[in-house]
Amino acid sequence: VARLISYCLLSAIQDDPDGILPLTEASGHASVLSHVQTRLESHFGESAAYQVELDSADYLGRPLGEWLLKTFWKDYHVKWYENRPVLWQLQSQKGHFACLVYIHKMDRDTLPKVRSQYLWASRNACQAALESARLREDSGDKGAAREVADLESMLDDLNDFERRLSDVIEARIPCEIPDWAQGPYRNGAYDPVLDDGVKVNILPLQEAGLLAKNKVV
């Protein structure tokens, strides 16, 4: 079952022009779960695909969407690729933002796209929800206080992720890069070279704390 889901996910991200798929909602783009559901429907038909998704929870140990977010990458994909994953799960420290990127489509524009097209959309949605909750709190809605606190924590998490991401984009994260490697820092920016391999290219993201797993390589 895990291999079937992995196949659907990988084919979806291979077809994506930028090789970026969001795992969390509110980015304005179709989520990984939505892409997997579409692939299952294309293979089995709509009703059978729905049943496959329901049944998969029994084999995977949790609902499909939860498994994709919390288990797929760090407990399945990384092990399957022997700690040299072709998909990388970028995730904020508290998990309010997460996306997958595909190494075979990565270039110097990938991480800036994650920031501008996905992260900022999530942050803007959070900011709008926070402003609305604060207005309700100011008007005397006692139940809004907890929502305000949760949204403030979420916004802090997203801003922290942006700072870490920007540090990698602007080549500010020190890493022990082999002398033979061409990248991943070139001309003052994160600019990965596929021929350098996973280990070299993923190091800045690992050192910056941008991955869903603390140590991959």
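Student: How many salt bridges does the structure hold?
Tutor: It holds 14 salt bridges, each being a side-chain nitrogen of Lys or Arg within 4 Å of a carboxyl oxygen of Asp or Glu. This is a predicted model, where local features need pLDDT of at least 70, side-chain atom pairs count only at pLDDT 80 or more, and totals for chains, interfaces and linings use all residues. Residues are numbered from 1 along each chain as its sequence is written, and side-chain values use heavy atoms, with hydrogens and water left out.
Student: Which residue forms a salt bridge with Arg123?
Tutor: Glu162 does, with the closest N and O atoms 2.3 Å apart. Arg123 sits in helix α6 (residues 110–138) and Glu162 in helix α7, so the pair ties together parts that are 39 residues apart in sequence. Helices here are DSSP runs (H or I, at least four residues), as are strands (E, at least two), numbered from the N terminus.
Student: And is Glu162 buried or exposed?
Tutor: Glu162 counts as buried, at 13% relative accessibility. Buried means under 20% relative accessible area, exposed over 50%, and partly exposed in between (1.4 Å probe, protein chains only).
Student: Where do Arg146 and Asp150 lie?
Tutor: Both lie in helix α7, four residues apart, about one turn of the helix. Arg146 is exposed at 61%, while Asp150 is partly exposed at 42%.
Student: What network includes Asp191?
Tutor: Asp191 forms a salt bridge with Arg186, the closest N and O atoms being 3.0 Å apart. Salt bridges that share partners join Arg108, Arg186 and Asp191 into one network.
Student: New topic: in the largest nonpolar core, which residues touch the most other members?
Tutor: Leu68, Trp88 and Leu90, out of 62 residues. Helix α7 (residues 144–169) gives the most to this core, with nine residues. A nonpolar core is a set of buried Ala, Val, Leu, Ile, Met, Phe, Trp, Tyr and Cys residues joined through side-chain atoms within 4.5 Å.
Student: What is Trp88 in contact with?
Tutor: Leaving aside neighbours within four places in sequence, its contacts include Trp73, Met106, Tyr190 and Leu205. Contact means heavy atoms within 4.5 Å.
Student: Which residues of helix α5 are buried?
Tutor: In α5 (residues 72–80), they are Phe72, Trp73, Tyr76, His77 and Val78. These pack against α1 (2–15), α4 (64–70), β2 (87–91) and β3 (98–102). Just after α5, Glu82 takes a positive phi of about 50°.
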